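Have the sequence and the 3D view open as you read.

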Amino acid sequence: MSESEAPGELEQVRTFLNTWWLPNETRVPEDRLPALAADAGAWRREMPGIPAEAGLEGFRTALREALGDPVALQEWAERHPLRVEFTEGGVVLRPERDGAVGRILAIVADAVGAGRWARLKACPDCGWVFYDHSRNGSRRWCVMNPGGSEARGCGSIAKVRAYRQRIRQAPDSTP
């Protein structure tokens, strides 16, 4: 598991959310969801167990907004209800109707109940969704230095930006 991967099925939700992001190299938003939904083989590889559907962009946006507040998903949950199944291993939530939204909502509801949803975060710079594995849950950026110390990561970019801002605002101390 990489430093950004989410545990269990929550990784599928993270993968779904990361069909949109803002790469540092181009700063042009990328939306892979329509193409992914149109390619059944690619969908099965990236989203196993979740039915392929077109038109999920609005749901993805709602999920991104709910990263900090799962209550924001209440309307989606009312339109795509889940049912509780008791098993020998515990409780399982299943969508009443088969579909991507219901299946993803079931995974999210499980993550909220297990306390894992709060650790799924979007980088404030590029929008990449990562799972915060830090001990105290305080990670802010997707990465500091991707691919080594020479590469640019959102965390290092933000720190350099803040440093330059402080330098610009500092009073001139030269005599």
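Arg-27 is partly exposed, with a relative accessible area of 37%; partly exposed is the range between buried (under 20% relative accessible area) and exposed (over 50%), computed with a 1.4 Å probe on protein chains only. Arg-27 sits in the loop between β1 (20–21) and β2 (30–31). Its backbone deserves a look too: Arg-27 has a positive phi of about 55 degrees although it is not a glycine. Most residues other than glycine have a negative phi.

A word on the ground rules. This is a predicted model, in which local features need pLDDT of at least 70 and side-chain atom pairs count only at pLDDT 80 or more, while totals for chains, interfaces and linings use all residues. Residues are numbered from 1 along each chain as its sequence is written, and side-chain values use heavy atoms, leaving out hydrogens and water.

Stepping back, the protein chain has seven helices and six strands; these are DSSP runs numbered from the N terminus, helices being H or I with at least four residues and strands being E with at least two. In sequence order the pattern is α-β-β-α-α-α-α-β-β-α-β-β-α. Of its 175 residues, 37% count as buried.

Now to helix α1. Eight of the eight residues of α1 are buried, so α1 is largely enclosed by the rest of the structure. Among these buried residues are Glu-11, Arg-14 and Phe-16.

What is the angle at which α1 and α6 pack? The angle is about 120 degrees, and the axes lie 9 Å apart. Axes here are lines fitted to C-alpha atoms over the stretch in contact, with angles from 0 to 180 degrees between N-to-C directions. That makes α1 oblique to α6, because angles under 35 degrees count as roughly parallel, over 145 as roughly antiparallel, 65 to 115 as roughly perpendicular and the rest as oblique.

The table lists the residues that make the contact, meaning heavy atoms within 4.5 Å.

| Helix | Residue range | Contact residues |
|---|---|---|
| α1 | residues 10–17 | Leu-10, Gln-12, Val-13 and Phe-16 |
| α6 | residues 100–114 | Ile-104, Ile-107, Val-108 and Ala-111 |

Finally, the strands: β3 (residues 82–87) and β4 (residues 90–95) run antiparallel and are joined by six bridges, where pairing requires that DSSP finds at least two bridges. Leu-82 has Pro-95 of β4 as its bridge partner. The two strands β3 and β4 form a hairpin with two residues between them.
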